[in-house]
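Dear colleague,

Please find the structure handed over below, followed by an account of what was found in it. Kindly read the two together.

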Amino acid sequence: MAILSRLPGLTRQAGLLLLHNTLFCFAVFGVVDVLLNFYFVSIGYETEEIGWLQSLPRIGGLFASLPFAFLGNRLSIRRALVWSAVLMTLAQGLMLVYPTPFIIILSRALFGFFFGVNQIAITPATADSASSQHQTHIFAYLSATTNLSSSVGSFIGGYLPLWLVMLLPAWVIPTPGVPLEQSAWAYGVALLVATALTALCVVPLLWIREVSQAEAEPPHTSARREGTPWVRLCVLSLPMLFFGLTGGLTFPFYNLLFRTVYDAPDATVGAILSAGYFMMGLTPLMAPWVVRRMGRVSGLLIALGMAAVAFVGLSLAPTLWLAFGCFTLAVCLRNMTQVIFPPMLMGSVAAQWQGAASSVGFLAWNAGWFLSTAVGGSLQARFGYDFMMQVVAVGVLGCAAAVWWVYGRPQAPQTEAVERA
């Protein structure tokens with residue numbers, strides 16, 4: 001605790017939000033992300049169908065973005081975080097208890113809606129938990145906890161079905177022609193365990209204070225009299241559209257990529273994703289140093305350019321270990337966007353517009369993710385994973401171009417001064 005108290009910008013409010021994020025990401029971005037596609041395969045779904053199922057949460061996210069965009073300043077951020085966490089847990093469990101096609105579709109869409117509410121609310125809550133001088137630090141901590149907890153969850157997720165088969169041999173329902181640890185029963189029970197863990201993320205939110213952006217003092221007094229600048233917010237959020245496009249073609253399919261292309265077993269896939277998430281958790285801690293040395297725009301452009309090269313390497317890698325190296329480098333560098341971009345967006349608008357800005361940014365991210373995931377299964381089936389990764393490289397360069405065009409030109413909007421210590 002003494003070490004945590006010395007971290008720049010860390011407050012009690014920020015600590016509770018980080019604990020919530022850690023528990024959630026351990027269960028959902030860790031265990032569930034490793035096993036969900038395998039579960040869908042075990043109950044009979046093909047790659048193209050899985051692509052559509054993975055796109056459904058983004059449809060829910062799109063619907064969540066709209067009310068927050070118009071009502072964000074009137075809604076309780078604290079209540080939005082608490083109830084979204086509760087309802088995400090219930091939606092996730094629904095498809096495991098009743099795994100019919102209709103219920104799976106409904107469950108994925110509902111999970112996406114409540115996840116959208118959670119992610120929209122957590123951005124202004126995180127920004128509000130620290131002074132402007134420490135916002136890059138706080139978003140770095142948020143990204144670090146996301147990926148470090150996802151790393152541990154991914155590692156455990158790769159082994160969890162096998163452990164359950166060994167622990168509960170009398171309960172196992174085998175699937176003909178596949179190992180017991182790859183049966184629908186093993187994956188389904190492992191996902192139920194992850195859902196129970198997801199419920200724990202609600203607890204830290206019960207002690208956070210309310211975030212009231214409506215009463216925040218804007219940097220310019222005339223801003224109170226102006227209407228919400230929707231066109232400007234859309235332009236400021238443009239990089240998130242490309243960020244979503246590249247994310248939708250990669251994260252829902254990484255586990256299938258390593259299993260299909262390199263014939264890696266579940267435990268190896270879990271370990272690879274775990275190591276990638278672990279490195280993604282460490283690199284954001286470099287973001288404050290990058291921002292001080294290069295500035296937000298230049299630092300982000302360099303990281304995205306290098307990420308594009310790494311994705312090309314992933315598309316060409318002939319061996320599993322070379323693919324692992326390119327994968328780790330690509331996801332780490334691309335992930336710098338999650339640390340550096342939110343303070344850029346929040347610092348470019350008046351305080352009472354930050355909720356709307358967060359909603360529009362999340363809307364752009366969801367739209368990109370939905371479009372790319374919806375076609376990702378068909379793209380993989382027709383052209384292969386190597387072509388998909390090359391498309392992702394182009395999308396990452398598009399994200400970099402959007403960052404420069406919106407924030408890097410001489411006439412770009414001015415953001416608040418970055419921290420110097």
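A residue is called buried under 20% relative accessible area, exposed over 50% and partly exposed in between, with a 1.4 Å probe and protein chains only. By that scale aspartate 263 is exposed, because its relative accessible area is 67%. This is a predicted model, in which local features need pLDDT of at least 70 and side-chain atom pairs count only at pLDDT 80 or more, while totals for chains, interfaces and linings use all residues. Residues are numbered from 1 along each chain as its sequence is written, and side-chain values use heavy atoms, with hydrogens and water left out.

Overall composition

The chain has 18 helices and zero strands; helices (H or I, at least four residues) and strands (E, at least two) are DSSP runs numbered from the N terminus. Of its 421 residues, 57% are buried. Contact means heavy atoms within 4.5 Å. Among contacts between residues at least 6 apart in sequence, 86% join residues at least 24 apart.

The nonpolar core

A nonpolar core is a set of buried Ala, Val, Leu, Ile, Met, Phe, Trp, Tyr and Cys residues joined through side-chain atoms within 4.5 Å. The largest one holds 125 residues, of which Phe40, Leu81, Phe258 and Phe311 touch the most other members. Helix H2 supplies the largest share of this core, 16 residues. In soluble globular proteins, nonpolar side chains tend to be buried together.

For the packing values, axes are lines fitted to C-alpha atoms, for helices over the stretch in contact, and angles run from 0 to 180 degrees between N-to-C directions. Angles under 35 degrees count as roughly parallel, over 145 as roughly antiparallel, 65 to 115 as roughly perpendicular and the rest as oblique. A crossing is left-handed if the near helix is turned anticlockwise from the far one by less than a right angle, and right-handed if clockwise. In the residue classes, Ala, Val, Leu, Ile, Met, Phe, Trp, Tyr, Cys and Pro count as nonpolar, Asp, Glu, Lys and Arg as charged, and the others, Gly among them, as polar.

The axes of H2 and H4 (residues 77-97) come within 13 Å and cross at roughly 20°. H2 is therefore roughly parallel to H4, and the crossing is left-handed. From H2 the contact takes Leu17, His20, Phe24, Val28, Val32, Leu36, Tyr39 and Phe40, and from H4 it takes Leu81, Ala85, Met88, Gln92, Met95 and Leu96. By class these are 12 nonpolar, two polar and no charged residues.

H2 (residues 12-42) also packs with H12 (residues 266-282), at an angle of about 140° and with the axes 11 Å apart. That angle makes H2 oblique to H12. The crossing of H2 with H12 is right-handed. Phe29, Asp33, Val34 and Phe38 of H2 meet Asp266, Val269, Gly270, Leu273 and Tyr277 of H12. The contact divides into six nonpolar, one polar and two charged residues.

With H11 (residues 254-262), H2 packs at an angle of about 65°, the axes being 8 Å apart. Here Asp33, Val34, Asn37, Phe38 and Val41 of H2 meet Asn255, Leu256 and Arg259 of H11. This contact has four nonpolar, two polar and two charged residues.

The buried residues of H11 are Tyr254, Asn255, Leu256, Leu257, Phe258 and Tyr262. They pack against H2, H12, H14 (296-316), H15 (320-334) and H18 (385-408). Not counting residues up to four places away in sequence, phenylalanine 258 touches Asp263, Ala264, Val269, Ile272, Leu320, Ala323, Phe324 and Phe327. Aspartate 263 lies in the loop between H11 and H12. Its phi is near 55°, a positive value in a residue other than glycine.

Two partly exposed leucines

Leucine 180 belongs to the loop between H6 (135-167) and H7 (184-198) and is partly exposed, with a relative accessible area of 37%. Its C-alpha atom is separated by 6.9 Å from that of valine 165, 15 residues apart along the chain. Neighbours within four places in sequence aside, leucine 180 is in contact with Val165, Val172, Pro174 and Ala186.

Leucine 397 is found in H18 and is partly exposed, at a relative accessible area of 46%. Leucine 397 and threonine 246 are 151 residues apart in sequence and 10.0 Å apart in space, C-alpha to C-alpha.

With kind regards
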